[in-house]
Amino acid sequence: MNLLSPTLTAGTAARTVVTTFGLAMFLSSAAMAQSSQTDSGAESRWSVGLGAVTVQKAYRDIDRYNMAVPLLNYENKWVSFSVPKLDIKLYSSQSLSFRLRARYAGSDGYESSDSPFLAGMDDRKGSFWAGGATIWKNDIANVSAELLGDASGNSKGSRFKLQVDRRFEMGSFGLTPRLGVEWYDSKFVDYYYGVKASEAVVGRSAYQGKSSNGVEAGLRIDYSPARQHNLYLDFGITQFGSAIKDSPLVEKANQSTVSLGYLYKF
């Protein structure tokens, strides 16, 4: 059963996400200009730094994906930007925010050279994703949701994520546990975990992906020795549903991510 098909169908999804992505970029420029020209008194926040990410994907015999990333965060009343995500705030209050969102998922997919088992497969590329998001902050926890479509057109798929998190402050330290669930439509699963007939070999049978899900649990630890300095360490593990773990490309049903970094706040 495709949970997302009523919202993003084949042709409509492609047109919608491309339009949304373009609109997000246009509104970003307009919002920044308006912020500097007519709302110069509004609070803006900048931070820069450097981080590193390591991902153990679920594919067979694949090495960890390691990457150093520049960290750049900016936020005002119109825009929220952090590598690799851009939000345009359509409406925001202290407790509720509705946004247009564009995000790059570079760690999705693989190159055929990443694993001997993937030899002969076509590369599966990471994509820009675009759509909408909402954030609700309450006294118990932060609740966020996003519905995104593949604006790059690689998978032509869609995904929906719901997450709950809360930060517990302990002096200079903070602990933020999170729990999320993400649904992937059949096009997403087929692109990243399917095997085309032309790619099938002995020991790697053809496989057509169906809609599936992933449940993520994570913990972020941050430390601020002074107001302008922040260090963080983040752990996350995602357990995939049966349509992904049944793929002949998958060795185990989970994917783990560890990231760390330093931010200087202006």
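Predicted model: local features only at pLDDT ≥ 70, side-chain atom pairs only at ≥ 80, totals over all residues.
1. Ser259 is buried, with a relative accessible area of 13%, where buried means under 20% relative accessible area, exposed means over 50%, and partly exposed covers what lies in between (1.4 Å probe, protein chains only). This residue belongs to strand S13, which covers residues 254–265; strands (E, at least two residues) and helices (H or I, at least four residues) are DSSP runs numbered from the N terminus. Once its neighbours within four places in sequence are set aside, Ser259 is in contact with Ala52, Val53, Tyr232, Leu233 and Asp234, contact meaning heavy atoms within 4.5 Å.

2. Residues are numbered from 1 along each chain as its sequence is written, and side-chain values use heavy atoms, with hydrogens and water left out.

3. For the protein as a whole, there are 3 helices and 13 strands, and buried residues make up 41% of the 266 residues. Among contacts between residues at least 6 apart in sequence, 59% join residues at least 24 apart. The protein exposes about 14,000 Å², of which carbon and sulfur atoms supply 58%; accessible areas come from the Shrake-Rupley method with a 1.4 Å probe, and for residues only the protein chains shown count as cover.

4. The salt bridges come to 18, each being a side-chain nitrogen of Lys or Arg within 4 Å of a carboxyl oxygen of Asp or Glu. One of them joins Arg101 to Glu146, with the closest N and O atoms 2.7 Å apart. This pair links distant parts of the chain, since Arg101 sits in strand S5 (residues 96–105) and Glu146 in strand S7 (residues 142–150), 45 residues apart. Both Arg101 and Glu146 are buried.

5. A salt bridge also forms between Lys161 and Glu216, whose closest N and O atoms are 3.3 Å apart. Here too distant parts of the chain are linked, with Lys161 in strand S8 (residues 158–165) and Glu216 in strand S11 (residues 212–226), 55 residues apart. Glu216 counts as buried because its relative accessible area is 13%.

6. Is each partner in the salt bridge of Glu199 with Lys196 buried or partly exposed? The closest N and O atoms of this pair are 4.0 Å apart; Glu199 counts as buried because its relative accessibility is 1%, whereas Lys196 is partly exposed, with a relative accessible area of 40%. Elsewhere, salt bridges that share partners join Asp87, Arg99, Arg101, Arg103 and Glu146 into one network.

7. Trp46, Val48, Leu72, Val83 and Phe266 make a nonpolar surface patch of about 450 Å². Patches are made of residues with over 30% relative accessible area and no salt bridge, like charges being joined within 9 Å and nonpolar side chains (Val, Leu, Ile, Met, Phe, Trp, Tyr) within 5 Å. Val83, in the loop between strand S3 (79–82) and strand S4 (85–92), counts as partly exposed because its relative accessibility is 39%.

8. Leu72, a member of the patch, lies in strand S2 (residues 65–75) and is partly exposed, with a relative accessible area of 30%. Leaving aside neighbours within four places in sequence, Leu72 is in contact with Trp46, Ser47, Val48, Phe81, Ser82 and Val83. The C-alpha atoms of Leu72 and Gly49 are separated by 6.5 Å, although these residues are 23 apart along the chain.
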